[in-house]
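Hi,

Here is the structure I promised to pass on. Have a look at it first, and then read my notes below.

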Amino acid sequence: MKHLIPEFEKIKRRYPAGFESSLLLPCLHRIQEDRGFVADEDIDGLCEWLGVPRMQVEEVLSYYTMLRREPVGRYHVQVCRNVSCSMRGAERLIGHVCKRLGVGVGETTGDGRFTVSTVECLGSCGTAPVLVVNEAYHENMDAAKTDTLLEGLK
Amino acid sequence: MPGRALLMDFPVTATSHLLADYRARGGYATLRKVLTSMKPEQVTKEVTASGILGHGGAAFPAGRKWQVIHLDDGQPHYLCANADEGEPGTFKDRWILENAPHRLVESMAIAGYALQVRHAFVYIRGEFDLPYRRLQAAVDEAYDAGLLGERILDTDFAMDLVVYRGAGSYVCGEASGLLASIEGRKGYPRNRPPRLTVKGLFKRPTVVNNVETLANLTTILAMGGEAFKQIGAPKSPGTQLVSISGHVSKPGVYEVEYGYPVAKFIYDDCGGVLAGRKLKCIVPGGISTKVLTAAEIETVTYDHASFTKAGSGVGSGGMIVIAEGTCMVRLLQVMIRFYHHESCGQCTPCRDGMGWMHKLIDGIVAGRGQSGDLERMELIAKANDGTTICGMGDACGYAVVGILAKYRDEFEYWIVHGRSKFDGRLEVDAAELAHA
Amino acid sequence: MPEIFVDGIAIEAKDGQTVMEAARDAGIYIPGFCWHPNLSIAGNCRLCMVEVEGESGGWMDIACNMPATRGMHVLTNSPKVQERRKAMLELVLLNHPVDCGVCDKAGECMLQDYHYEHNGAPSVATVAKHRTTKFHELSKRILLDNERCVLCSRCVRFTKEVSKSHALGILDRGDHSLVRCDEKRSLDDDPYSDNVVDLCPVGALLSKRFLYKSRVWYLDQTPSVCPGCERGCSVDLWHRKAEWKFAALDPRHNVAIERVTPRENPAVNGPWICNKARDLPDLLERPRGAGPMLKGARVDLGEAAGAARRLIDAARHPVALISSWASNEELDSARATLLPRFRCFVKADHLPQPGERVADDVLILPDKNPNGRRARELFGSAPAALDGADLVLIWGEGFDFAQVPRGAKTILMSPFLAPENGHADAYFATTLQTERSGHYTNFEGVVSAFAPIRPAPAGTVDAATLFGMIAAVARVSA
């Protein structure tokens, strides 16, 4: 993560002085965006630069669902399974995605292209059912739209 | 139209979220007025006079919260906008972040001035991608235009605004969990005392307000607190952005003036239930608010007093419409699964209670329900009522108690017969939808 | 100084105290796992909930985070409080394995105690318990059983606030939360790590050296003082009760130190000790010198004392190296008997070992001997000058025999088996602090007592007794 430090120094300037520990989440987001996940050496480098105990970084990484220490497929397909989405077909949608890709929830396709997860409410209940691919929201989904979407993701 | 529009008062276009369009609509004129002709205390006075209640779910009077901050205590103060919006069924703050981000920025500058804040944060849930990019772009535009940073609008007031992304935790929508997250730690809520307005972010006096609450500030300061108070209902001034979803024909975000009849809102403004079905019940405002049956909503108006009288609450403004034929057991199962997943794990009643609750409901759904299971669920709900560090434990309890109070027969049916009274249905029949 | 009422009893709370603190100071015990007087408030176990009487029906909240405000009326055992407590204990018990039969903590477990006192009913749960890791090696010294863990966070707070190693944390969330050490294994390097074993209210954190050694109700605790450094922390040495001594099996079990725990002493160490104190058996139970010897030949005490007397009488330049492990009483005896005849210098019996922390701002101090201050008060601080000595009396460990001037005679008094014992002209096997009563004076002048836990082994002699025997006939004036 050392190559990201100049970027981090810039972010630091908008924060109140003396509370560098705040930078932990923004830095982890950026590291994950850059590498695809947070590696052990990233943790070491971040601890050194921020001056926080290693345990704090490990705790944060284990607590937040969006942060990961292992890579995922090129396309992380996350389907909401909460109340409104379940009421508009999320369960069938999850089943369809898994069947189409040939993997279970939490698994990655053999070619490394797709990882499938279920997630809780994404704040898009009005356009349920909803799935997210990497960062992008895909709303009002059904089997047909999903097939088109997945086919287009190479 | 469910009443006056104070926030959704412009047509959304491809550019309406940008600074130029916002300025053309009169944006930042109120900030200029505040910074050049008002003292900080006067701003707080207007907010108090407006009577505006928090729009995050707790409905605490914003002015009363602000008044705890002593402007001359020589300490840094912090302001945080709660854009974590994780309550199932709720997506109304998202509307503001995507379509009116400058409204939030201007309002936060006004609030920062009133509370003498040098560093302000918007805590936005990590999953929100477009809202984050729109908000960050608006913040960047504001900095470039001298509306944030040093010498705002050429006055002595300076304020930095950081958009802080969350990383997937519902409990970071709780004010103290939110602050813990900004401090770079797990989103563990904190016991009070001390209140956050005394010792909050970095142990300094902090005000945390919901995005919608803050977004109303430009309106309040433009028209004056007293005038704002005249809008809406006697104890609920102003409007509520309501996100409606579920088995409803026209889901989306609507601005409802407080006092508007709920039944009219659902049947007229939102097109009623999908596929011409009958309404079974609604979750009024986030899944911890007690469900109200179709009959009960006939006499409820959209305001705090009316909902409280009906035994429920305005909550987060996330309304979920449930059609007849939906299995309430499976619905509750989805809710409990959510709470279990999101428990931070600090305190005994929520940590162990959510897991137990989940196992019990899964058992019932799997046909292994035993007599006494419902009493056990009620025991867990009671053990979480007022005993936890934050409101999450209580919330699950309310969801359980509320649904059991009105649909206990469905649960008992499943325990006795080993299957759902309604085929475990959560969706309105897909075939019916095709013909709708 | 607000006056509050707890269960109707008026209590004078100190300014800034919580109800928990004020109640405990007044001898009223409010139960709770996570609160500890020397750690920050966590307020997560929810067991200390109390009722506060008020106009609109009053309210309930945790006592550990409740400011004691003037005139408040607190109930710690009302029907509402009892009901709440039972509910909290029911929930703690929900996933607890209840494997007391194989758990070291049985007999000193807060969960056991609270269950019997405040709940006592079988669990109403019918669901399977949540299973997770048992026998997790948290460090080389400490095992963690996550199923027993109640997530009170005492251990985590200890490493953050007291030892400052930041080694421990809680990973994941909800009921999947797990106490863990960081991946750098920082707990291995934390010399205060074992305090978390005391702190743990249940049998989740276990000391590997004590694992399965003994049931606690077979053991007695005897107050002692750790000789590991000049702080002289107050400790309890645990050993088998007289009526529970083994008739069969290795008799060494009956005199062994089974474990060492802190003895709370606000003037010296608070409620903590370092790991060196925990490892006192390694220090004190090394093989012992068998008995008096003259140049390696075993003789009885009388003959050896006689030989020593003759050596002293014959010496014209006798030098004595005084043990900094000697007790106050032994030092007084030495002063009365040796000082008139010998040039005396205080010796550091122990020096910091490689890898041993020399000093920090918690407890550990650089002088690794328990009574150096008192010894120096009586015998001065001059460095030892052995040139020209024709008799060297070495009392205690830590002396390099190569320093003995050529041709000089040696009298060695030491507890432990060592090759030098056989080379000395006269050797006496002395007793340890675990075999007699006495006192040490720590670096600040605080005097602490230790008591015996076992009879002195055959062949050993108290240093004070030996000095008496030697002085009895040696010429006192030079």
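Arg173(C) and Glu342(B) join their side chains in a salt bridge, with 3.1 Å from N to O (a side-chain nitrogen of Lys or Arg within 4 Å of a carboxyl oxygen of Asp or Glu). Across the interface of chain B and chain C, the rule finds two salt bridges. Please keep in mind that this is a predicted model, where local features need pLDDT of at least 70 and side-chain atom pairs count only at pLDDT 80 or more, while totals for chains, interfaces and linings use all residues. Residues are numbered from 1 along each chain as its sequence is written, chains are lettered from A and ligands numbered from 1 in the order in which they are written, and side-chain values use heavy atoms, with hydrogens and water left out.

On the contact itself (heavy atoms within 4.5 Å), chain B brings 35 residues and chain C brings 33 residues. About 2600 Å² is buried between the two chains, 49% of it from carbon and sulfur atoms (accessible area, 1.4 Å probe, lost on putting the two parts together and summed over both). Of the area that chain B buries against chain C, Arg351(B), Trp356(B) and Lys359(B) supply 22%, more than any other three residues.

Enjoy exploring!
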